Amino acid sequence: MNIMVPLASARNIERFCQAGASELYFGFEHPEWNRYFGGFAELNRMSSFGSQANLPYAEVAETIKRIHEAKAAAFVTLNSPAYSERQLAFLKVIAQELEDMGADGLIVGSIEMCALLQKYCSLPLTASTMCAVYNTEILSFYRSLGIKRMILPRDLRWDDLCAIVTACPGIEFECFILRNGCRFSDANCLSFHSRKFGAVCCYIKKLPAQYHSSAQTDLEPETKREIYGNHFLYDRAFHASACGLCQVDAFREMGICSLKIVGRADNTDEVVQDIALLRRLIDSEGTCRNLVRNECLYGLNCYYPQP
């Protein structure tokens with residue numbers, strides 16, 4: 001299995017690949033995009049993070065070259081959930097340029113983008129979580145638009161994930177494995193992701209926690225502590241330390257193409273540690289999973305919880 005890793009700076013290419021990554025994905029900043037469409041038009045889902053999560057477009061060609069020299073594949077994100085007709089025309093040219101630069105694939109997030117690139121670009125297309133591939137019917141639809149790989153939603157139940165993969169041989173599947181869990185559905189979250197303003201989920205985290213009970217009398221102090229403790233662990237642990245390592249062997253048996261570590265704006269040293277850990281588990285079939293991370297907190301940070 002491949003390890004797909006986010007790249008926010010070209011200086012991390014060699015470190016990530018030496019740790020065990022074989023696929024790198026990145027977004028980019030384009031000066032003309034902001035000039036034409038303004039600062040609140042998303043080129044990708046982390047456009048507003050600027051250079052913290054995106055490469056300058058002028059460096060993309062050299063970055064792809066260096067990724068290939070490191071024996072890895074380069075994927076570029078064009079995964080906003082929606083683009084205007086003018087934006088699609090702009091991105092058609094960009095996609096053709098990325099193809100000329102030697103990119104290995106594009107990660108897309110809308111029906112319109114899939115339809116456009118199927119006509120004007122021969123690069124393999126990956127359906128991002130913004131495409132909401134929650135069942136085989138949705139998968140078949142995107143397959144008809146030329147999609148070669150599906151990133152299955154991070155909130156997909158384990159049994160549904162297995163059913164989709166089993167029912168659709170011939171499609172490459174990419175699954176989340178570490179970092180940046182979210183309690184919501186990516187595909188149904190249209191809030192603006194931003195360093196300054198955050199998103200809906202960021203605001204919810206800042207609100208004071210409250211509980212509501214149908215009991216006639218107030219709850220016991222121990223019960224209150226359990227409620228607030230559960231909320232704190234799920235709210236903080238799941239986003240910061242989401243993990244699916246216990247399913248590595250199962251993913252291998254299902255023939256999953258790639259396991260995805262997320263966090264384009266995360267600490268580089270921590271990402272390197274996660275890559276190395278995941279590579280050891282992939283290369284060591286049958287290793288005991290329940291001791292691999294200290295952050296496995298009551299299953300509340302599990303990407304693939306089961307009853």
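Reply: What follows takes these features in turn. This is a predicted model, where local features need pLDDT of at least 70, side-chain atom pairs count only at pLDDT 80 or more, and totals for chains, interfaces and linings use all residues. Residues are numbered from 1 along each chain as its sequence is written, and side-chain values use heavy atoms, with hydrogens and water left out.

Me: How many salt bridges does the structure hold?

Reply: Side chains of opposite charge can pair when their charged atoms come close. The cut-off for a salt bridge is a side-chain nitrogen of Lys or Arg within 4 Å of a carboxyl oxygen of Asp or Glu. The structure holds 17 of them. One joins E174 to R149, with the closest N and O atoms 2.8 Å apart. E174 lies in strand β8 (residues 172–178) and R149 in strand β7 (residues 147–151), so this pair ties together parts 25 residues apart in sequence. Strands (E, at least two residues) and helices (H or I, at least four) are DSSP runs, numbered from the N terminus.

Me: Are E174 and R149 buried or exposed?

Reply: Buried means under 20% relative accessible area, exposed over 50%, and partly exposed in between (1.4 Å probe, protein chains only). Both E174 and R149 are buried. They also belong to a salt-bridge network with E23, E172 and K260.

Me: Which residue does R179 meet in a salt bridge?

Reply: R179 pairs with D266 at 3.0 Å, N to O. R179 sits in the loop between β8 and α8 (200–206), and D266 in the loop between β9 (258–261) and α11 (268–283), 87 residues apart. R179 is buried at 7% relative accessible area. D266 is partly exposed at 25%.

Me: Which residues touch the most other members of the largest nonpolar core?

Reply: A nonpolar core is a set of buried Ala, Val, Leu, Ile, Met, Phe, Trp, Tyr and Cys residues joined through side-chain atoms within 4.5 Å. The largest core has 88 residues, and L98, L106 and F173 touch the most other members. Its largest share, seven residues, comes from α11. Contact means heavy atoms within 4.5 Å. Beyond its neighbours within four places in sequence, L98 is in contact with residues including F28, Y57, V76 and L123.

Me: Where is S80 placed?

Reply: S80 is in the loop between β4 (73–78) and α4 (85–101). S80 is buried, at 4% relative accessibility. Its side chain reaches the backbone oxygen of A82 at 3.1 Å. Not counting residues up to four places away in sequence, S80 touches E42, L43, N44, G109 and S110.

Technical notes:
Polar contact = N/O pair within 3.5 Å; in protein donor to acceptor, adjacent residues only side chain to side chain.
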